Amino acid sequence: MPEVVLAALETAGLGWLILITIVAGIVYGFAGFGAALIYMPVAVIFLAPVMAIAAFSVSAMSSVVTVFPKALPLVNRKAVTVLIFSATVSASFGIWVLRMTDVIVIRWAVVIFCGLTLVALIAGWRYRVEPTTGTRVLIGGAAGFVGGLSGLMGPIMVLFQLAGRDSISTTRATTVVFLTVTSILMLPLMAVQGVLTAQAVALGVVLLVPYGIGALIGQALFRPERERFYRAVAYAIIGLATLAGVPIWNGM
């Protein structure tokens with residue numbers, strides 16, 4: 001075990017990973033989304049995608065004691081349970097595709113999907129659908145597959161939530177609960193497929209505290225009446241992280 005922890009502490013780019021994890025936590029704390037969109041493009045510069053996803057899932061466990069408790073009372077528990085269940089089922093297939101796919105292809109998929117999501121968010125694009133149980137199964141399933149493949153569990157869920165009539169507080173709470181639970185459930189799914197390494201878990205533990213601190217800071221900054229400002233900051237950070245993650249910068 002000490003060797004695994006030491007290996008995690010010697011991870012290339014650890015300082016950058018800690019910094020981007022703090023920033024991701026802050027954005028997640030006040031916006032309720034965007035953490036993976038910020039973390040993944042930068043993390044895959046230094047880590048294999050599967051390790052980046054596993055480490056992030058471990059670090060997300062800090063949400064259970066930071067933003068999750070305040071969010072849970074604000075959600076429609078039946079609706080979010082349907083989303084979580086369908087996402088968990090489809091995530092296994094996404095993880096399998098991740099295992100079978102070239103790393104560079106995944107890296108390009110991450111930055112392209114981040115870019116498209118950012119454009120959709122800025123443009124105010126919405127899914128004009130009635131939030132029925134069937135719709136939630138489809139949205140959860142799509143989010144889970146993309147999350148298993150790329151670590152980006154949130155974008156489809158966020159776009160779906162923006163289509164509703166919920167307040168910003170309820171929308172934020174729903175995404176927080178969904179992302180916290182699905183991130184944790186990713187760990188046993190990855191373990192079953194043999195891609196959850198001890199080093200990834202150790203690195204996730206290292207990043208857990210920075211992520212939790214960032215989330216607490218973000219939660220303290222959250223004010224429903226300043227939604228537009230917070231989203232603008234989140235969009236700007238997501239854009240910079242996406243540009244940083246483009247594979248061509250390090251010759252790949």
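Buried here means under 20% relative accessible area, exposed means over 50%, and partly exposed is in between (1.4 Å probe, protein chains only). The structure is a predicted model, in which local features need pLDDT of at least 70 and side-chain atom pairs count only at pLDDT 80 or more, while totals for chains, interfaces and linings use all residues. Residues are numbered from 1 along each chain as its sequence is written, and side-chain values use heavy atoms, with hydrogens and water left out.

**Whole chain**

Start with the whole protein in cartoon view. Its secondary structure comes to 12 helices and zero strands; helices (H or I, at least four residues) and strands (E, at least two) are DSSP runs, numbered from the N terminus. The order of elements from the N terminus is α-α-α-α-α-α-α-α-α-α-α-α. Of the 252 residues, 53% are buried. Contact means heavy atoms within 4.5 Å. Among contacts between residues at least 6 apart in sequence, 85% join residues at least 24 apart.

**Ser62**

Select Ser62, in the loop between helix 4 (49–59) and helix 5 (68–71). Ser62 is buried, with a relative accessible area of 4%. Its side chain reaches the backbone oxygen of Ser59 at 2.9 Å; a polar contact is a pair of N or O atoms within 3.5 Å, where within protein one must be able to donate a hydrogen and the other to accept it, and residues adjacent in sequence count only if both atoms are side-chain atoms. Not counting residues up to four places away in sequence, Ser62 touches Leu208, Tyr211 and Gly212.

**Helices 2 and 3**

Next, select residues 14–31 (helix 2) and 35–46 (helix 3), which pack at an angle of about 170° with their axes 8 Å apart. Axes are lines fitted to C-alpha atoms, for helices over the stretch in contact, and angles run from 0 to 180 degrees between N-to-C directions. The angle makes helix 2 roughly antiparallel to helix 3; angles under 35 degrees count as roughly parallel, over 145 as roughly antiparallel, 65 to 115 as roughly perpendicular and the rest as oblique.

On the helix 2 side, show Trp16, Leu17, Ile20, Thr21, Val23, Ala24, Val27 and Tyr28; they meet Ala35, Ile38, Tyr39, Val42, Ala43 and Phe46 in helix 3. By class, this contact has 13 nonpolar, one polar and no charged residues. Ala, Val, Leu, Ile, Met, Phe, Trp, Tyr, Cys and Pro count as nonpolar, Asp, Glu, Lys and Arg as charged, and the others, Gly among them, as polar.

Between these two helices, pick Phe33 in the loop. Phe33 counts as buried at 5% relative accessibility. Its contacts, leaving aside neighbours within four places in sequence, are Val27, Tyr28, Leu121, Val158, Leu179, Tyr235 and Ile238. Phe33 and Arg172 are 139 residues apart in sequence, and their C-alpha atoms are 7.5 Å apart.

**Helices 9 and 10**

Move to helix 9 (residues 154–161). Eight of its eight residues are buried, so helix 9 is largely enclosed by the rest of the structure. Which elements do the buried residues of helix 9 pack against? They pack against helix 3, helix 6 (77–100), helix 7 (103–123), helix 8 (133–150) and helix 10 (168–192).

Gly154, Met157, Val158 and Gln161 of helix 9 make the contact with Thr171, Thr174, Thr175, Phe178 and Leu179 of helix 10. This contact has four nonpolar, five polar and no charged residues.

Within helix 10, centre on Thr174. Thr174 is buried, with a relative accessible area of 7%. Beyond residues up to four places away in sequence, Thr174 touches Val75, Val80, Met157 and Gln161.

**Helices 6 and 8**

Finish with helix 6 and helix 8, whose axes come within 6 Å and cross at roughly 35°. The residues of their contact divide into 13 nonpolar, eight polar and one charged.

Select Ser90 in helix 6. At 15% relative accessibility, Ser90 counts as buried. Leaving aside neighbours within four places in sequence, Ser90 is in contact with Gly140, Gly141, Gly144 and Phe145. The C-alpha atoms of Ser90 and Gly148 are separated by 7.9 Å, and the two residues are 58 apart along the chain.
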